Amino acid sequence: MPDLVAIDLPGGPEFVDVLLKVWDRGDAVLPLDQRLSRDAKRRVIETLKPGLIVDRGGEQRLTAGVPVEAGDGLVVASSGTTGEPKGVVLTMAAVEASAHATSARLGVDPERHRWLACLPLNHVGGLSVLTRSLLTGTPCTVLPGFEPDEVVRHAGRDVFVSLVATALRRVAADRFHTVVLGGSAPPSVVPANVVTTYGMTETGSGVVYDGVPLDGVEVSLERGAPESGAPQDGAPEIRLRCPMLLRCYRDGSVPVDSNGWFSTGDSGWIGPDGRLNVEGRLSELIISGGENVWPAPVEAALRSHVGVSEVAVAGLPDPEWGQRVVAWVVPSDPAHPPVLDELRAIVAESVAPFAAPKQLVLVDSLPKTSIGKVRRDLLDSLTGHRP
């Protein structure tokens, strides 16, 4: 049976060489996050059970390894928003489908263009840049991680790069041919050469570009399933069917139904122009006084306040409203933080009065994943707040 090989190396030529060697012999690759502590890496290994590990010391056999199936190419550790690692198993066929569909939509020409991989290779957003480069024969520079000065140094009008919103704010988009933007919600103003994407680890990277599904990708909207934990108020759930989907999770569970549909746990709607608009995670929908409140537009409104450096919005239980809208804010100037009434007025005017936060929590920082997504499950545990 083929092995799962954990690669414990920083991004660069050595990582690429090992990946190709592993693929050539029919094994699958598990990239390890280079920012993790030794104990954190050990927990990932214990959970996902690779049979081999390659690090600076060479290749070593692990006694508790569990093989993969023939045709598997990647296992990507995905923690979602909970921090608990689970392995998404992607076949080589799925990886190839993603590489060719994304390259075709973007118009990448291997003779004229090149990729820059600067996001962590343990995340699908960074890893997919490398895999699409290898599978389409497009030149690629692989950096160990995102360092703004290094990214700018390798920029160029022939360069395609994949970034998340936090990284985009630190480099100028116009230095590149195209910026493929994934991860958290895009900024309110998107430069002309930035392509916003929707996808996840389970889809092998983005499968909807600027609201339009890639070739071969089908989108449907259905009411959230009770077992998903989604609120049962009729909010539609986005489902996807495409050749890029995962085969299963590393524990053997298969989240794809008998007809090939994957329920994303996200809600959205199709606009008059036929484009998909993503509202957010169904589990993050706030129902306050019978009204649906999505965090993203509230956060966007609050960020327009000069006193707000960062913000996250979530719901907390409330005896009167069912849930109350709460805003956790990192002030631009801690000595002069924004006040609740100011923030409520902004949201009431730009979103709706019922969406205005009923509580303000001032914090020094927001809990985030390694690629900058807010850990909403940890917001309620933050201290040092005031209403």
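Is leucine 379 buried or exposed, and what is its relative accessible area?

Modeller: The average pLDDT of the protein is 91, and 94% of the residues score at least 70. Residues 225-232 have a pLDDT below 50, and this stretch makes 12 contacts in the model beyond near neighbours in sequence. For residues 383-387 the pLDDT is also below 50, with 10 such contacts beyond near neighbours in sequence. Where pLDDT is low, predicted coordinates should not be read in detail.

Leucine 379 itself is buried: its relative accessible area is 1%, and the cut-off for that class is under 20%. Leucine 379 sits in the segment that follows strand S23 (359-362). Leaving aside residues up to four places away in sequence, leucine 379 touches Ala312, Ala314, Trp328, Leu366, Pro367 and Val374. As for alanine 28, leucine 379 is 351 residues from it in sequence and 36 Å from it in space, C-alpha to C-alpha.

Serine 205 belongs to strand S12 (residues 205-209) and is buried, with a relative accessible area of 7%. Its phi is positive, near 115 degrees, in a residue other than glycine. Aspartate 210 is placed in the loop between S12 and strand S13 (212-213). Aspartate 210 is not a glycine either, yet has a positive phi of about 50 degrees. At 33% relative accessibility, aspartate 210 counts as partly exposed.

For a helical part of the model, take H3. The 15 residues of H3 should span 21 Å at 1.5 Å a residue, and the end C-alpha atoms are 21 Å apart, so the two values agree. Buried residues of H3 include Met92, Val95, Ala99, Thr102 and Leu106.

The axes of H3 (residues 92-106) and H4 (residues 124-136) come within 9 Å and cross at roughly 85 degrees. H3 is therefore roughly perpendicular to H4, since that class covers 65 to 115 degrees. On the H3 side the contact involves Met92, Val95, Glu96, Ala99, His100, Thr102 and Ser103, which meet Thr131, Arg132, Leu135 and Thr136 in H4. By type, the residues of this contact are 4 nonpolar, 5 polar and 2 charged.

Methods:
Residues numbered from 1 in each chain as written. Predicted model: local features only at pLDDT ≥ 70, side-chain atom pairs only at ≥ 80, totals over all residues. Heavy atoms only, no water. Axes fitted to C-alpha atoms, helices over the stretch in contact; angles between N-to-C directions. Helix = DSSP H or I, 4+ residues; strand = E, 2+ residues; numbered from the N terminus. Parallel < 35°, antiparallel > 145°, perpendicular 65-115°, else oblique. Contact = heavy atoms within 4.5 Å. Nonpolar A, V, L, I, M, F, W, Y, C, P; charged D, E, K, R; others polar. pLDDT = per-residue confidence, 0-100. Expected span 1.5 Å × (residues − 1). Buried < 20%, exposed > 50% of the residue type's maximum accessible area, 1.4 Å probe, protein only.
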